[in-house]
Structure formats: structure tokens, C-alpha cells
Amino acid sequence: MIAVELSGIWKRFPGVIANSNINLIVEQASVHAIVGENGAGKSTLMKILYGMQKPDEGTIKVNGTTTVFSSPSDSIAAGIGMVHQHFMLADNLTVLENVILGSEPKRGLSIDFTKASNRIKEISDSYSLGLNPDDLVSELGVGDRQRVEILKVLYRGARILILDEPTAVLVPHEVDELFEALRGLKSEGITVMFISHKLDEVLAIADEITVIRKGTTVTTLNTKTQKVTAEELATLMVGSELPTPETRGSTVTNRVVLAVKNLRVESGQVKPHVDDVSFDIHAGEILGIAGVEGNGQSELVEALMGTKLSTGTIFLNGVDATNWSTRQKREAGVAYIPEDRSRQGLLLEAPLWENRMLGHQSQSPNSNGFLLTPKAAKADTQRIISEYDVRTPGLDVLASALSGGNQQKFIVGREMSGEPKLLIASHPTRGVDVGAQAAIWDHLRDARARGLAVLLISADLDELIGMSDSIKVLLRGRFVADADPKSVTPQELGNAMTGAKAVV
Amino acid sequence: MKSKRILDALLAPMVAIIFSVVLASVILMLFGANPIETFSKMINYAATPRSISLILNSATTYYFSAVAVAIGFKMNLFNIGVNGQYRLATAVGALVAGALTFPGYISIPIVIFVSMLVGSLWAGIAAWLKVYRGVSEVISTIMLNFIAIGLIAYLLAPSMLGVQTAENVVGTPVIPESGRFPGFSIPGSQVPVYGMLFLAALLGFAYWFILNRTRFGFDLRSVGQSPSAAVASGVNVKRMTMYSMLLSGAVAGLVGLPLLLGAQYSFTVNFPGSYGFTGIAIALLGRNHPVGIAFGALLWAFLDVSSQILDLVGVPREIIVIMQGVIVLSVVIAYEITRRVKVRRQQDAVGKATAVAQ
């Protein structure tokens, strides 16, 4: 049975072609991945399938019948559901209330909560989503919230799910849980379309993989009958070799840039967030911090930046910076790539050139200390856009209009401006595609060679091992192990992160 | 490009005004009046030199009030306490002005400074409560309005600093000739225009300049747009909250001065007391932009003044209040719609620019 068949889909915007001659066949009860670089046309294609945009040419067949979607409600009626990357849930409502919101079962004038609750339990059990209808969404973790989103579309009768970059917001064990849930869905006859650019994940879950490059479908691979590797996929995606995050040769000097002693961040509970952590970073050194998310990384970074109260001492280039404000640290050459780019890294409602100033508003080229210098800031924004390949029509667009990957490239470009001495980078390549990831790595390596000290926090173990000169493992707020990036494997590092076993 | 941007900015308020004119016309017809005739009478009446003077005077007062509110809005602070701040500031300013016998160029700046200081200190209480005790400024500023009224009544009691005025109410001693802010006249009008009109224009420029051209203004706007991003960028949010509330209060301290120093020369317990709420409406109308607020203040003043004629043509004057309400409501909705359209349009533009050309 074929669930979805797209043939000869074209979508043109004035001057450009977003999709050209897309042909795609998705088998029922399978997981079909769609991979491609940022801007390859994946999103446009999914918008067409979900009825948010109309194709200029081509036909869409759902379960064998040709259909025309003029709005998402048409595609919902045809049994297609979309789970967006960003969750649309009301925190202060329960799972039940969130799921029925907008399609409440009525009994007379009142809502039939019992019926809805039973229905939700039934769906949750039959697809093993493990959700309780009465839990408050605000008390759920990210992985659970995502399953609530999935439940929402299943509740509305979807048999074909589109998941847009579902793993972007998840930590490794949540990814495993999601994949478990997706396998459950598949076995119950649900079709899953899975959009991603994380190739190892795609290989782990997909039955078939369609590669999109420059707006057109390049090929479809079957992981059951063909042996596919991540390298081959990447080559198909970008038309070139998969970049590796290797730092090639040591540039570590003996000049200490950051010296942290006995840093402690209280949590208000018995166990502090960060528990007596001490380390040095030298000029030209990248120190990687490995750890399962939530083990004190965020608090460590915030304490170093001065946005969270801490005890202990912090020396920057030999000067006591323990009591410096965030701005003093920034002015002293500390660059900061925050973990949550839309909340901490950008003013979403401000134009790009104003975002160039953010965090550096007291320094050249953005201001002379008192007055802003918009002309110089704009010129420098243009430089970042071209050096970091930020895909944008101009520097006056609002930051919120850019895709996540391009926002990230912009932030990295901004923070690498003006020869920083120390870079504190949380997940610097999160959400960017392989090509852009390689470019960011190159920029980091160049800066490191010029003497930049880097504190690197990443959930991507290959990145951590490839980029770092040394690695420390953070578990429950403490450094529990050191790892040598030259010899450690991701498996060993993963074990150390969960406290299973120490590494050398 | 530039003219297109201006057109974009004007679209929402124009739509809102047209909508409210249509609605007002419907109401006028329900009252049996001819809308076109009524509106043309209003416009004719407003075009007389006397009305123009009155409109400029009201607009000056409204402008100060709206800028005070807008400074708070830029930081996501809701200063509902402009009423209390300006009344207390004007009362103290009037007491100081009444006591000073220096020439105007010395006493007037002193009075302006004292009023701004008092407004700012009164707002500072709410700022302190917010920063150090986490009290919402919406609650504290509105409560402080009532305390201000009580405090003024206490200060103006004849046993304290006040006197019985000519109208047989309690007020401050009359400000001597030398302490009055000179105005100017429009030919054909008996009503002088407040000289503080120019101070309002100056304030508008300073507001724009500080907000858009200084680092301080950038810090302030960044907190308003995203407190978490501002913190990460090195802004001290508590300090900015303090500063902006103090600034808002200082500007609020100016609200009563045009009337005090330009027309009444004494602060009485009958001094108008609700310019602060008008300021909220006008700040919304003008989208916190100095030029937008100027147009908003003029429109509001025009409606206020021209409504005087309605009684003479047999239409209840309250219809103008309805119209003002409708304008504010519809302008807020229209701004939100145009904002969404703009974001959508930009996302499309980005989509097109980043989609791969064949």
C-alpha cells in the first residue's frame, strides 16, 4: 500500500524555484526520512503536503486518491498530521486539555471529559506513548511534550504523520524513546515522514530515505535492502564529502586564559547544580565538557558569564574576574554562544543589524560607549552574513524570519567578531546542517590557532571528541572523569557520562 | 523603500480611524443626525483660531503623559501611576513656584526640575518595590495614585501649606507673574498657546534620540523585547527597570506643568486628574513612537475640542468618547494584524531568498 505519492511537484517563487520535479513514494506503515541541507526545499515540500502552500504543478495522491489541499484542515481531513519542531502546547493545561483543545468532544453544552480521557488513554496505550491525560504539561520533559504533540494529531485521526526535525530539541536518551514510540506507531499501521539532517539518526530509524538536493529529489534509498552509510548520504546531500570535526595538531600554549577554582552554584536543594568545579583553559585550547544534559552544564556556563550567582574564583588572563558583571566580562573579550538561541541569543523582533549589536552594544563597531554607530554595525553585519553564509535577503529582516540554522550561524559569526580571548560555546552547531557545521568548525579552528581559548559544551559526541584538546565529563555537577580525545570513543564517553564507568 | 515603510506604519492607524469614523457615523444616524454634516461642523469648529490654540494646548499635556507611559511600555512596564505622579509633582512644583520670587529664567527651570524629581521619586517607590520585592508595578502604581491624592490633600490643607483660593477651594498660593511660563498667541485667538509646547517637541526628540541612538536606549529596548537575551548580553535588568521607571516618573512630572505655568497659576484640589489614562491610550495609538504619539495627541485633542460643538447641533457629546475608545481598540487590533502580516511577508522573503535557484 502506498500512503503518499507525490509526482512531478514544482513550486516556484518569483525568481527562484523551491521545488522542481519532486517525486516521492511513501509506503504505508513505514518510517520515511527526508534529508537535505538547510534550504534544500524540505520545508516547502512539507508545507505543500500539509496544505500550507499549493504546488504550481504536480499531483498529490493520498492512499491512492488524487487530492488537492487548499488548507491544513483539508490535509487533516485526509488523515495527515504535522508535528512541528516548536511545540504548540499550553503549559498550564493538562495533557487531556491540550489534546482536545480545538476539537472538544461535546455532550450537550459541556465537554465530555470522560470520553476524551478514555480515548487518550486508549491511544497512548495502543501506541505505547506512556502519557497520562491528567498530567500538567508544565511538569513534563521535552520528550514527553513531543509525544503529546504526536498524540494530538493521532487524536484528530491522522494516519500519516509528518515530523519536522523532531530530534533537534531532544537529548540522546529522549531520541531513543522517540524512536521507540515511532516503531510502535509503525507497527500499528501509521506512516511516519521524518525530516532531519542528522544522518546517524535517520539511518537508525528510517525504512526508506529520500535525499533532496537543490529542490529536487535526488534518490530514494531502502535501508533494508541496501547498505547505506552516513558518508554516502552526506555525499548525496551536499554533493561532497562529509566533514569531520578534527582539530589537526595541537595549538595549546601554556598561557592560562581562564582559571576557575572551586566554582559552586547552589540549587536551593541539598545537591548543588555545580559542585566545587576547578579547571584551567589555555590560549589555543579547546576544553570540551561532556555530560548528559541537565548535569550542571547550563549553570556552569551561566556562572562563568556572571548571569547566575556562584561562589569560588574566576580568573581571566590572570586578573580576578570573580565579581565582574556580564558586561565587564564581555568587554574583556569573553564571547558567548548561549544554549537557547531564540531566548538568550537574539532579539527575535529586532532586525539583524540590531542583533549584531546584542551582547556587544558597548563595543566597536556597534557603539563608541555612549552613542550607537548603526552605520558601522550594519557594515559589520554584512561581513558576518557573507563570511558565515547566513542566508538572508538583507540585514533589515527580523531575526525571527531566519531559519534556526541561519540564526545559529549568525550568532556564531557575531561572537567570533573582534578577536575574542575566550569563547564559551554551548552547542555551537545545534540545528545547522553538515555544510554549515563544517564552516563553523573551520572558523573555530582558525580562531584557536590564533590563540582563542574555548569552553565547548556539546551533546554531539563526535563534535566534542573531534574538536577538543581535552575533555572533562560532568556528572551531577561534578567532574567525574577526564578523557583523552585522541583515544576515547563515543561509546566510552557515553558510558562515563551516565556514570557507568570511568575512562582513562 | 523608505516611503513604503512609512506607508506600512500609517496603514494600521488609518484603518483604525476609518473604522471608528464609520462606527461613529452609524451611531450618529441612530441618533437621527446626519454624519457628514456633523463631522463637517466639527472640522469647521476645530479650524477656528481659538480651537486650534485649545487643541495645541491639550495636545501638549497629552504628549508629556503619553511619552511617560511609552518609556515604561518600551521596557514592558505598565506605569498606570502617571496620574498620581504628575498630580503630586504639580502640587509640589506649584508650592515651590509660588514661593520663588526669582526672575523666570531661574525659577521656571527650578520648578521644572523639582516637578520631575518628585514625579520620579514617586515612581521610584514602585520601581523599588518591583526590583527588590517583586511587586507588580501595575498594582503598586495604581495604589500610589490614591496615596498621592491623600498626600496632596494633606499638604494643601490651609493649616499646612495651602490657602483658600478665589473659587473657594483649597489650593496653592498663586504663582507670581515672573514664575509663569510665557506663551504665544495665534492671530484671531484670545487663548494663548502654552510655551511648553516647544519643551514637548524637545522631549520627543530626546526620547527618540536616547532610545534609538544611545547604548542606554538599546539596553532598555533589549530588556523590553527579551529579558533573557538582555541578561545574556550583559544588561543589568534590575538597574534598567529602576532607571526606566524613574525616567517615566520624571516625564510624568511634566504633565501638569503646561496647565499650571501657562493658564491656572495655582494647583487646586480641582486640578484635572486623569491625563495619565489618556496618555496610555495615546501611547498605544502612537505605538510608543515620538512622532506617532504627536499625531495621537493631536487627534485626541482635536476630538476633545471639536466635540464641544456637538451639544449645539443636538448630538450627545459622549459620542466622541465612544469614538476615542473605538479608535484605541481597533488600532491595537490593526497593529497586531499588520505585525503578523509583516512577519509572514518577511518569512516569505527569506524563504524565497534562501530557496535554491535552478
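A salt bridge is a side-chain nitrogen of Lys or Arg within 4 Å of a carboxyl oxygen of Asp or Glu. In this predicted model, R264(A), E266(A), K271(A), D275(A) and R478(A) are linked in a network of such bridges. Side chains of opposite charge can pair when their charged atoms come close. Over all chains, the whole structure holds 34 salt bridges.

| Pair | Closest N to O |
|---|---|
| K224(A) and D207(A) | 2.7 Å |
| D469(A) and R448(A) | 2.8 Å |

Let's look at D469(A) and R448(A). D469(A) sits in the loop between α16 (461-467) and β21 (470-475), while R448(A) is in helix α15 (residues 434-449), so their bridge ties together parts 21 residues apart in sequence. (Helices are DSSP runs of H or I with at least four residues, strands are E runs of at least two, and both are numbered from the N terminus.)

Now for accessibility. Buried means under 20% relative accessible area, exposed over 50%, and partly exposed in between (1.4 Å probe, protein chains only). D275(A) is buried at 6%, and K271(A) is partly exposed at 42%.

A few words on the ground rules. Residues are numbered from 1 along each chain as its sequence is written, and chains are lettered from A and ligands numbered from 1 in the order written. Local features need pLDDT of at least 70, side-chain atom pairs count only at pLDDT 80 or more, totals for chains, interfaces and linings use all residues, and side-chain values use heavy atoms, leaving out hydrogens and water.
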